[in-house]
Amino acid sequence: MRKVLSYRLQEILAEKQQLIRRRKRTVYATGFAAVLVVVCLCYILFVSSVFGLKIDAVRFSGIKDGVSETTLRQALAPLAGKPLPALSKATVTQAITGADIRIRNAEVSRRPLHGLAISLTMRTPIGKMTQGSAVKFVDSQGIVFTSTAKPEGLPEIVVPNSTLVRKCAPALGEIQKLLPTDVAGRIVKYQCADLDHIYLFTKEGARILWGGDDATDLKAKTLTLLLTRPAKEYDLTDPLRPVTR
């Protein structure tokens, strides 16, 4: 009787061990399969060309001012075939903005399975500059560019050298933004010797001593009030004590 019980106990233990081994094999196999699936997906998404960029699948919007779509596609050519999930939007934006200086920014979104949608923001000039015999335009970042659109009604911007353009343009752009539309429309010239010596000139021939690029908001409000009084010169170097002459 004892031998029968002992034999039966050994059978039960053997069955449990086999069950444990089968469960372990199942766990290992499932884990291995999961890892294999992840590896395959990563390869397909980030390495292979299954979802690679196709240049003819790129769609542009916002193209203006004679910017060539062909030039933009050529700028993207080095990225052809790169998997979309692994393609940095910043890389695409850099390629597009570097292709034409008139493009200020590019918003990029992916279009399954091989394309991109790129929305362009063109540079908006705050004024025009004369360089030699050529008339060029400058935006609020101080970028000087040509334009086939030839926008009219822009004020003249006078800066001693190209280095100061980058420094002065943001200050001049801020002034334009804060001036009421009707007041900004009366300014025909901005002159910036440096950031401490900014001058504005009205179409009536008056000169505005703006001074430095500080207290711009207060100066804009003060100038709006002062221009209701005819004068040859408006001094805003101290906006709390403005002077008209």
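With which side chain does the side chain of Asp235 make a polar contact? I find Thr237, at 2.6 Å. By polar contact I mean a pair of N or O atoms within 3.5 Å; within protein, one must be able to donate a hydrogen and the other to accept it, and residues adjacent in sequence count only if both atoms are side-chain atoms.

Ground rules before I go on. This is a predicted model, in which local features need pLDDT of at least 70 and side-chain atom pairs count only at pLDDT 80 or more, while totals for chains, interfaces and linings use all residues. Residues are numbered from 1 along each chain as its sequence is written, and side-chain values use heavy atoms, with hydrogens and water left out.

**Entry: Asp235**

I place Asp235 in strand S11, residues 233-235. Helices (H or I, at least four residues) and strands (E, at least two) are DSSP runs, numbered from the N terminus. Asp235 counts as buried because its relative accessibility is 11%; buried means under 20% relative accessible area, exposed over 50%, and partly exposed in between, with a 1.4 Å probe and protein chains only. Setting aside residues up to four places away in sequence, I see Asp235 touching Leu209, Pro242, Val243 and Arg245. Contact here is heavy atoms within 4.5 Å.

**Entry: the whole protein**

I count 6 helices and 12 strands. Of the 245 residues, 33% are buried. Among contacts between residues at least 6 apart in sequence, 48% join residues at least 24 apart.

**Entry: strand S9 and its partners**

Why do I call S9 largely enclosed by the rest of the structure? Because 5 of its 6 residues are buried. S9 pairs with S8 in the antiparallel sense over 6 bridges; two strands pair if DSSP finds at least two bridges between them. These two strands form a hairpin with 2 residues between them, and I note Asp194 opposite His197 in S9. S9 also pairs with S10, again antiparallel, over 4 bridges, with Ile198 opposite Gly211 in S10. The S9-S10 hairpin has 4 residues between its strands, and Gly205 in the turn has a positive phi of about 100°.

**Entry: the cores**

The largest nonpolar core has 28 residues, and Leu179, Leu200, Trp210 and Leu223 have the most contacts inside it. A nonpolar core is a set of buried Ala, Val, Leu, Ile, Met, Phe, Trp, Tyr and Cys residues joined through side-chain atoms within 4.5 Å. Elements giving two or more residues to this core include helix H4 (162-178), strand S9 (197-202) and helix H6 (216-226). H4 gives the most, with 7 residues.

**Entry: helix H6**

Which residues of H6 are buried? I list Thr216, Lys219, Ala220, Thr222, Leu223 and Leu226. Their cover includes H4, S9, S10 and S11.

**Entry: Leu87**

Leu87 sits in the loop between helix H2 (69-76) and helix H3 (89-99). Leu87 is buried because its relative accessible area is 6%. Beyond residues up to four places away in sequence, Leu87 touches Leu53, Leu79, Lys82, Val92, Arg110 and Leu116. I also checked Gly52: 35 residues from Leu87 in sequence, and 9.1 Å in space, C-alpha to C-alpha.
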